[in-house]
Amino acid sequence: VVSLALFVAGALALAAPPAGTGPRYVDDDEFYEHIFDKLEELAKVKKPLAHKKLVAKRKPGPANVALAKPGDKALAPEDVYKLAEKGVFVVASTFPGKDGNWESGTYASAWAVTADGALVTNWHVFEDLKDGEVFGAADRDGNVYPVTDFLGGDKIADVAVFRIGAKSLTPLPVAPVHAEVGSWVGVISHPGDLFYVFT
């Protein structure tokens with residue numbers, strides 16, 4: 001009886017909140033398929049930066065983007081997530097297969113550094129590319145935008161800055177100094193096909 005009561009209480013706690021309240025549910029499989037379906041559509045009409053142009057532009061160097069300034073107010077973790085999730089993206093790739101169909105490539109986390117479409121990810125995302133591989137990026141609402149330019153970065157630091165065809169993004173600020181040892185750190189990312197996980 002005690003086990004059943006605990007199970008029922010747990011089930012009630014996990015029940016979906018009323019519409020418009022609580023966190024939004026992400027169907028990871030559906031989100032994954034949606035990203036690559038939309039990216040394939042963009043690739044077919046040649047919206048992303050062409051593979052050869054991407055390879056030619058993929059050079060280390062300053063990205064020359066204006067950084068958003070950090071706020072001066074400490075935020076609770078739940079407030080950090082609410083504010084930051086709009087600026088977090090999934091950068092993904094697709095490439096033409098031998099049978100003529102587009103294949104799903106890699107995907108990784110990225111974040112908006114400017115409102116006019118500049119995003120940051122890891123440099124290694126753009127290495128070891130397949131022939132014809134092109135990229136796009138998806139936001140939390142499932143909008144998928146083509147990668148239109150490679151702006152620069154640092155291969156040793158594993159940082160790449162690129163541009164997508166989107167405007168009015170929510171840029172995440174960059175602190176002007178290093179965090180102190182022992183500082184609280186939160187990460188929004190997409191580990192193991194689980195999207196928008198907050199750790």
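Trainee: In what order do the six strands close into a barrel?
Mentor: The order is 1-2-3-6-5-4, and the pairing is antiparallel. Strands here are DSSP runs of E with at least two residues, helices runs of H or I with at least four, numbered from the N terminus; two strands pair if DSSP finds at least two bridges between them. The model is predicted, so local features need pLDDT of at least 70 and side-chain atom pairs 80 or more, while totals for chains, interfaces and linings use all residues. Residues are numbered from 1 along each chain as its sequence is written, and side-chain values use heavy atoms, without hydrogens and water.

Trainee: How many bridges join strand 5 and strand 6?
Mentor: Six bridges link strand 5 (residues 144–154) to strand 6 (residues 159–164), in the antiparallel sense. F150, for instance, has F162 in strand 6 as its bridge partner.

Trainee: Turning to helix 2, which residues are buried?
Mentor: F31, I35, F36, L39, L42 and A43 are buried (under 20% relative accessible area, with exposed over 50% and partly exposed in between; 1.4 Å probe, protein chains only). Seen down the axis of helix 2, they fall within an arc of 120 degrees (directions from the axis to the C-beta atoms), so they line one face.

Trainee: And which residues are exposed on the other side of helix 2?
Mentor: There, D29, E30 and K44 are exposed.

Trainee: What is the average pLDDT of the chain?
Mentor: The protein chain averages 89, on the predictor's per-residue confidence scale from 0 to 100. Of the residues, 89% score at least 70.
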